[in-house]
Amino acid sequence: MPILDLKKLNSHRARTFRLPPSPRVTSPKAALHFVNTRGFVYFWPIKGIDLPSLWTAVAGNRVVADKHDDPGHVTWGWKDNALGRRIWYYAKILRRRATLISLEIAPYFYALSENYGSPDEDYLLAYEEGRLTQAAKQVYEALLKEGALNTIDLRRAAKLANARESEFNKALEVLQSDFKILPIGVSEAGAWKYSFIYEIVSRHYPDLAEKARSISESDARGKLVGLYFDSVGAAQERDVNKLFGWQKELTARTITDLIENRRLVRSEHPKQKGVWLVLPELTHSPHHPADPLL
């Protein structure tokens, strides 16, 4: 079995995560290029998940700063200014965390969502099957009836003004993660003078469902897992499951296809146990060791 070359892996991630010596992202234009190149990234780095993030690409490999005047927080303005401009897809998607997706790749995610082409009916099926809470149903119906609403007005229109904050926020997250709603702007409503404006996905991106229609679920998974490994270089199968949250047999089948197509190889890690999945160019033969200092 080949062995993961840590020196090559570190060099690969320096490029894909935009770590030194790779140049940092320094402008909104560069941020868009970064997202389009990677296909999808997190907005913030997420503990326990290896994936490029806009914060790391701008601020370096450090924890997100608490101070609002930290230079790294320029990303917040870039993200807010891009809402509604349709330059990328932004919502809480992967593990229900803030995710930036290129418009080219968004249809592959949508192809795996529980949407079948009828925004007026799909949510009812999801509710009847227990995949949407009552609160999520009310939020969706409020947007369906009223159009785009800021968080304060949405909560009131959904008749959730007296609901727990966690219940309302979970409804927003569930609906975002299944590509039913997304934030399209920022309003000065509320005590903090800052709240997202939400809209139904099919109204904001009316061609998204059509673009996803011809993409099979297996092709969508293969595309997304391939992009994931293009970014991280090496990972274990459990890491793929953790990020995407698919059924384990579907993840295993996707990985098998990528191995058969020589996109990935099973490999040993020089310092950790278990089988690793690695881009072929990041391995070396056990008979020809890489840098002996690693």
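Guide: A search of the whole structure finds 15 salt bridges, a salt bridge being a side-chain nitrogen of Lys or Arg within 4 Å of a carboxyl oxygen of Asp or Glu. Side chains of opposite charge can pair when their charged atoms come close. The model is a predicted one, in which local features need pLDDT of at least 70 and side-chain atom pairs count only at pLDDT 80 or more, while totals for chains, interfaces and linings use all residues. Residues are numbered from 1 along each chain as its sequence is written, and side-chain values use heavy atoms, with hydrogens and water left out.

One of these salt bridges joins the side chains of arginine 131 and glutamate 114, at 3.8 Å from N to O. This pair links distant parts of the chain, 17 residues apart: arginine 131 is in the loop between helix H6 (122-128) and helix H7 (134-146), and glutamate 114 is in the loop between helix H5 (106-110) and H6. Helices (H or I, at least four residues) and strands (E, at least two) are DSSP runs, numbered from the N terminus. Arginine 131 also forms a salt bridge with glutamate 129, where the closest N and O atoms are 2.7 Å apart.

Arginine 131 counts as partly exposed because its relative accessibility is 30%. Glutamate 114, at 28%, counts as partly exposed, and glutamate 129 counts as partly exposed at 48%.

A further salt bridge is formed by glutamate 141 and lysine 137, with the closest N and O atoms 3.1 Å apart. These two residues are separated by about one helical turn, because they are 4 residues apart in helix H7. Glutamate 141 counts as partly exposed, at 27% relative accessibility, whereas lysine 137 is buried, with a relative accessible area of 14%.

Other charged side chains gather on the surface. Arg95, Arg97, Arg238 and Lys242 form a patch of positive charge there. Patches are made of residues with over 30% relative accessible area and no salt bridge, like charges being joined within 9 Å and nonpolar side chains (Val, Leu, Ile, Met, Phe, Trp, Tyr) within 5 Å. Lys and Arg count as positive and Asp and Glu as negative, while His and the chain ends are not counted. The place of a charge is taken as NZ of Lys, CZ of Arg, CG of Asp or CD of Glu.

Accessible areas come from the Shrake-Rupley method with a 1.4 Å probe, and for residues only the protein chains shown count as cover. Tryptophan 76 belongs to helix H4 (residues 74-82) and counts as partly exposed at 35% relative accessibility.

The backbone deserves a brief look as well. Most residues other than glycine have a negative phi, and most peptide bonds are trans. The peptide bond from proline 20 to proline 21 is cis, with omega near 10°, and proline 21 is found in the loop between helix H1 (6-16) and helix H2 (28-38). Arginine 18, also in the loop between H1 and H2, has a positive phi of about 60° although it is not a glycine. Arginine 18 is buried, with a relative accessible area of 17%. Lysine 159 has a positive phi of about 60° and lies in the loop between helix H8 (151-157) and helix H9 (165-177); at 71% relative accessibility, lysine 159 counts as exposed.

Finally, the chain as a whole contains 14 helices and 11 strands. Its radius of gyration (taken over C-alpha atoms) is 21 Å, close to the 19 Å that the globule rule (2.2 Å times the number of residues to the power 0.38) gives for 294 residues, so the chain is as compact as a globular protein of that length. Of its 294 residues, 50% count as buried.

Definitions and conventions:
Buried means under 20% relative accessible area, exposed over 50%, partly exposed in between (1.4 Å probe, protein chains only).
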